Amino acid sequence: MFRAMRTVNWCEVLGTVLANEQVVDGKDERTGHPVTQKPLEQYFFKTTKYADELLDCLDGLDWPENVKTMQRHWIGRSEGARARFALTSGEEIEVFTTRLDTLFGVTFMALSTEHPVIEKAAESDLALKAFCDQVASLSREERLTSDEKLGHRTALSVLHPFTGEQVPVFAANYVLMDYGTGAVMGVPAHDERDHEFAKKYGLAIPQVIESESEWDLGTLVNSGEFTGMKSEDAATAMVAKLGDRAAKTTTYKLKDWGLSRQRYWGTPIPTVHCEACGVVPEKAENLPVRLPEDVAFTGVGPSPLLTSRSFLDTKCPSCGRPARRETDTMDTFVDSSWYWLRYLDPKNSSLPFAKVESDAWMPVDLYVGGIEHATMHLIYARFFYKVLRDLGLASGPEPFQKLICQGMVLKDGSKMSKSKGNIVDPDEVISRYGADALRLFMIFAAPIEKEIDWTGFEGIEGASRFLKRITRMVEDHAVTNQPLPAKDQLSAEEKALLIKLNQTLARLTDDLERRYQFNTVVSGLMELSNALGDLPADAPHRGAVLQHALDAFVRLMSPVAPHLAEQLWSQLGRPGLCMQAAWPETDAQYLEADEVLVVVQVNGKVRGRLTLPASATEDQRRAAALACTEAQPHLAGKEIVKVVLPPGGKLVSIVVKG
RNA sequence: GCCGGUGUGGCGAAAUGGCAGACGCGAUGGACUCAAAAUCCAUUUCCCCCUAAAGGAGUGUCGGUUCGAGUCCGACCACCGGUACCA
């Protein structure tokens, strides 16, 4: 953690800092007061120190590819070089570039308006000062929506390190102070933005790279002693030639995490400001620092904590003299970055959590969260865990081994959220249909990772009907202790039902445990309930077969309709809770039917269907397919090239010619 | 612009390279009912056709791999979301 000056969205009228999301059109979204950029001293976590590890560990995680890709881009590692250019005044400007090989194409330097060299020059250059103020006055939004390149030529020049030519220095709006070094070497022939800028300000556009194709990095031209070298070699040679004035380096888009908030509701940052000792951490025995209650909430002005004398007045942990407590609180993302670790040891009064507990339980086997957390929460949490590991509080490199991201629920095209107020109250639906019906309906609507647009409760009738149907079935069934008869004593319909039951059981177990595909668990249950309903009323062993099937059905249903499952479990005369009962086991003798349907394809088109004994050999299947009546018109007079029998035995594919 | 996602019936969707549309919603017709609700049965991708049988086409478009492609590969189109000059 460190402290540094950074610009924030500042509302002068309210006297407070605003989050980017709260700034719309350069104004506070609530009050409409103008928002400016103001430098403020804040606390930061040095997330960039972990950038490489955060990036490299992604490969080993069982996470959705799209989330991993988003994090890779967010971290944004890029390899390049830093090079220092001497100003004619004697100072130096350092730039970052990924294309040092284009050095001979430099015709200008572009510096951020916040760059120290520009700020200093502006002190004696009123026109430059005016330009910088104009850029600063543009809100974040305005900077985003306009991509016009604006520049202002300063009185400064740098010397080209190889040619010794003077290169003019510009202040430019498209150079960002918080990426790289805040200074860019302008190579108009080989960079789109530099090109646009050079054309606008009448600068030369010399070509220094020739490439034969799009994917060829190119060969240097017009580059002095480097002419004729391949691009990738030239960069290395130039670094060597420049000596201590250049070095290969890596930059990241990832920024350090600013965690200061000037708000009451947050964890206090446990530091104390002492006139003599500076910023001092609070003593361990005084932790945690608790929020005071003698606070005035006015809704405007700086942090409410500043109104509490009991909070502010304290002693310096170092020298013991009167000192002032820090009033910044932490971003709530700090808390959400390790909450699950506290779950492991919630009653520990001396530590956040004991290492034995985290060693025993971590990493989290399966973490489920919304896709909107792909780059913020899920990077913060990974960063936090790595820091805890380095502090010796936890073990292992990553907190979440497997991740599933639910899709968002949208309403009228935008994310359903408390802050937007476009939420749907489920209470009315629950009181009318029950919580199980609502749960079932939502699970059934779409796969978990898919975004759904909430159009209403139209389909909930189906979920409700299904639950009523199975309830009726259990109510109409007379509970029995008769054991399930042996397979050879059952009627064909009874056997068919048990086969459907066991096949469904195998499929749904896989859907739940491996595929995490819950919508098909619901449709599988519906199919099985339809099959239960099809068992003839006069089936010879109806009671025993139904008892067996319903018993398994209710346990299968328990994860998606837990309340009703418990009721039916008890109605079936079973002891204890269904949710604690063992998961039903598949019975291998009922996984395969005696007869199987074999599809006959001719040149890839389905031409016939055969019912064959499951025991039929490949040769028998091939012979039956070739003899299949429906296929004959498509085989007559043709030469049979080959017959394919894929594994599984459910298909015979005949290839003919002529 | 860049990044990500999605394209399958009237709608939500299923199909783990092997019968496209399971399952459900809605709709239509019927049974039950004095009537309604509830429940049950039937039909419900398109073309041809008699509401039959048998065909044909069909998963955004165009191509490829394969005995076989909604699924794999390549190019493109459309829509949705995110992001903003990253040197």
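Is Phe 383 buried or exposed? Before you click, keep in mind that this is a predicted model. Phe 383 has a relative accessibility of 4%, and buried means under 20%, so Phe 383 counts as buried.

Leaving aside residues up to four places away in sequence, Phe 383 touches Phe 45, Lys 46, Thr 47, Tyr 50, Leu 54 and Trp 257.

Next, select helix H2, residues 65-75. Val 67, Lys 68, Gln 71 and Ile 75 are buried here. Turn the view to look down the H2 axis: the buried residues fall within an arc of 100°, so they line one face of the helix. What do they pack against? Show helix H1 (51-56), H12 (377-390) and strand E23 (400-406) to see the partners.

Last stop: helices H15 (460-476) and H17 (519-533). Their axes come within 11 Å and cross at roughly 40°, which makes H15 oblique to H17. The crossing is left-handed. For the contact, pick Gly 462, Phe 466, Arg 469, Ile 470 and Met 473 on H15, then Leu 525, Met 526, Ser 529, Asn 530, Leu 532 and Gly 533 on H17. Colour them by type and you get six nonpolar, four polar and one charged.

Definitions and conventions:
Residues are numbered from 1 along each chain as its sequence is written. Chains are lettered from A and ligands numbered from 1 in the order in which they are written. This is a predicted model: local features need pLDDT of at least 70, side-chain atom pairs count only at pLDDT 80 or more; totals for chains, interfaces and linings use all residues. Side-chain values use heavy atoms; hydrogens and water are left out. Axes are lines fitted to C-alpha atoms, for helices over the stretch in contact, and angles run from 0 to 180 degrees between N-to-C directions. Helices (H or I, at least four residues) and strands (E, at least two) are DSSP runs, numbered from the N terminus. Angles under 35 degrees count as roughly parallel, over 145 as roughly antiparallel, 65 to 115 as roughly perpendicular and the rest as oblique. A crossing is left-handed if the near helix is turned anticlockwise from the far one by less than a right angle, and right-handed if clockwise. Contact means heavy atoms within 4.5 Å. Ala, Val, Leu, Ile, Met, Phe, Trp, Tyr, Cys and Pro count as nonpolar, Asp, Glu, Lys and Arg as charged, and the others, Gly among them, as polar. Buried means under 20% relative accessible area, exposed over 50%, partly exposed in between (1.4 Å probe, protein chains only). The arc is that of the directions from the helix axis to the C-beta atoms.
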